[in-house]
Amino acid sequence: MADHDGEQPLEQGGPAAAPVAFGVPEREEQEGVSTNGQGPVVVADSVARRYGAGETAVDALRGVSVDIEQARLTAVMGPSGSGKSTLMHILAGLDKPTSGTVEVAGTEITKLGDNDLTKLRREHIGFVFQFFNLLPMLNARENITLPLTIAGEKPDAGWVDKVVSDVGLQDRLDHRPSELSGGQQQRVAIARALVSRPTVLFADEPTGNLDSNTGQEILQLLRNSVDTLDQTTVMVTHEPRAAAIADRILFLADGLIVREMRDADAHEIVVAMEQLGA
Ligand code: ADP
C-alpha cells in the first residue's frame, strides 16, 4: 500500500528492472518498466479525445497526463460523462486519442496499426466488464482459457489451477455461464483476465451488475490479485465503496483529472465526489 495520504503530484519515471514475480512471460517490451511497485506500466501524456466535429464536437478528454503504477490498484472516478470510459478505452488501446500519447509496457501504442495493437492487447491487457462478457456456449474452464486458446498458447496447468482456486471456482468449471450466478460469472471473468498474466488489468464497473455482498466479494478478489500477484489494476467505478479498495483514486471532471487521493475510505471519497458536484 502507499505510505502517504492525500493529494499527490503525478509522478514520472522509475528505474528499469526485471520482470515481476509469478512468472510473467519474458517480454522485450517490459524494458524500462519498473517492478518496484512504484514505476508506471501505462503512461498517458496530454491525451485529448474529441468525438465528432464542428459545433456538435464533444471534448471527452482535454489533456490527461497520468502514470499507472505497477502492482497497484488505481480507481478512476468522476461524474457521469466526465470521460472515465473514454480514458479507460484509450489506456487499454481500444480507442485512439485525438492527440497525445499512451505507452503500455514501454510501447507507444497510439501509432500502432490494428494487428500490432491487437497483439499488444493480447500480451499485456486484461479486461473485466460490468456484464461479464462470457461466451455462453463455453463452460467456465473454456471461458477462462479462451485468451490462451486464441493466442495459440498451451495453458500452464499449474497457473490455471492457481487462478481458478484463487477465485474459488474449482467446483464450477464444467458449468456454462447460464448455470452460474452473477458473482460466479464475474469470478470466471476475473480468472480469464488473470490467466494470461496481463501487464495491466482494466475493470470497467466490475460490481455494477452485482448485489452489494457479491460486489464486495468481487472487490476483495481484485484487491487480493493486486496484493498476492502484484496484478496492476485500473478500475473505473462510480461506487465509493468500490473505489475505497484502491491504493490511488483519480477523479475526472469534464475531461480532466482534477484530483487524486491515496488510501481513501468510502466516506472521504463521497465527500470528494460531492465537492466535484457529483
Ligand atoms: P463517463 O464514462 O465518465 O460517463 P464517457 O467517457 O462515456 O464518460 O463520455 C465522456 C463524454 O464524451 C460525454 O459527454 C459523452 O456523451 C461523450 N461521448 C462518449 N462516447 C461518445 C461517442 N462515441 N460519440 C460522441 N460522444 C461521446
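Val 76 has Val 236 in strand S8 as its bridge partner. The model is predicted. Strand S3 covers residues 73-77, and S8 covers residues 233-236. The two strands pair in the parallel sense, over four bridges. S3 also pairs with strand S9, residues 248-253. That pairing is parallel too, and it again has four bridges. Here Thr 74 stands opposite Arg 248.

How many of the residues of S3 are buried? Five of its five are, and the strand is mostly covered. In a regular strand the side chains alternate between the two faces of the sheet. Leu 73, Ala 75 and Met 77 point one way. Thr 74 and Val 76 point the other way. Residues in both sets are buried.

A second sheet topic follows. Four strands form an open sheet in the order S2-S1-S4-S5, with antiparallel pairing. S2 and S5 (107-108) stand at the edges, each with a single partner strand, so one side of each is left without a neighbour in the sheet. Within the sheet, S1 (residues 40-51) and S4 (residues 99-104) pair over five bridges in the antiparallel sense. Ala 44 stands opposite Val 102 in S4. Helix H1 lies across S1, S2 and S4. Its direction makes an angle of about 125° to S1.

Which residues surround the ligand? They are Tyr 51, Gly 52, Val 58, Ala 60, Gly 78, Ser 80, Gly 81, Ser 82, Gly 83, Lys 84, Ser 85 and Thr 86. Strand S2 (58-69) and helix H1 (84-91) are the elements that give two or more residues to this shell. The largest share comes from H1, with three residues. By type, the shell divides into three nonpolar residues, eight polar and one charged.

Now to helix H5, residues 182-195. After H5 comes Arg 197, whose phi is positive, near 50°.

Terms used:
Residues are numbered from 1 along each chain as its sequence is written. This is a predicted model: local features need pLDDT of at least 70, side-chain atom pairs count only at pLDDT 80 or more; totals for chains, interfaces and linings use all residues. The expected span of a helix is 1.5 Å times one less than its number of residues. A residue is near a molecule or strand if its C-beta atom, placed from the backbone, lies within 6 Å of it. Ala, Val, Leu, Ile, Met, Phe, Trp, Tyr, Cys and Pro count as nonpolar, Asp, Glu, Lys and Arg as charged, and the others, Gly among them, as polar. Two strands pair if DSSP finds at least two bridges between them. Two residues are in contact if their C-beta atoms, placed from the backbone, lie within 7 Å. Axes are lines fitted to C-alpha atoms, for helices over the stretch in contact, and angles run from 0 to 180 degrees between N-to-C directions. A residue is buried if 20 or more other C-beta atoms lie within 10 Å of its own, exposed if 12 or fewer, and partly exposed in between; C-beta atoms are placed from the backbone.
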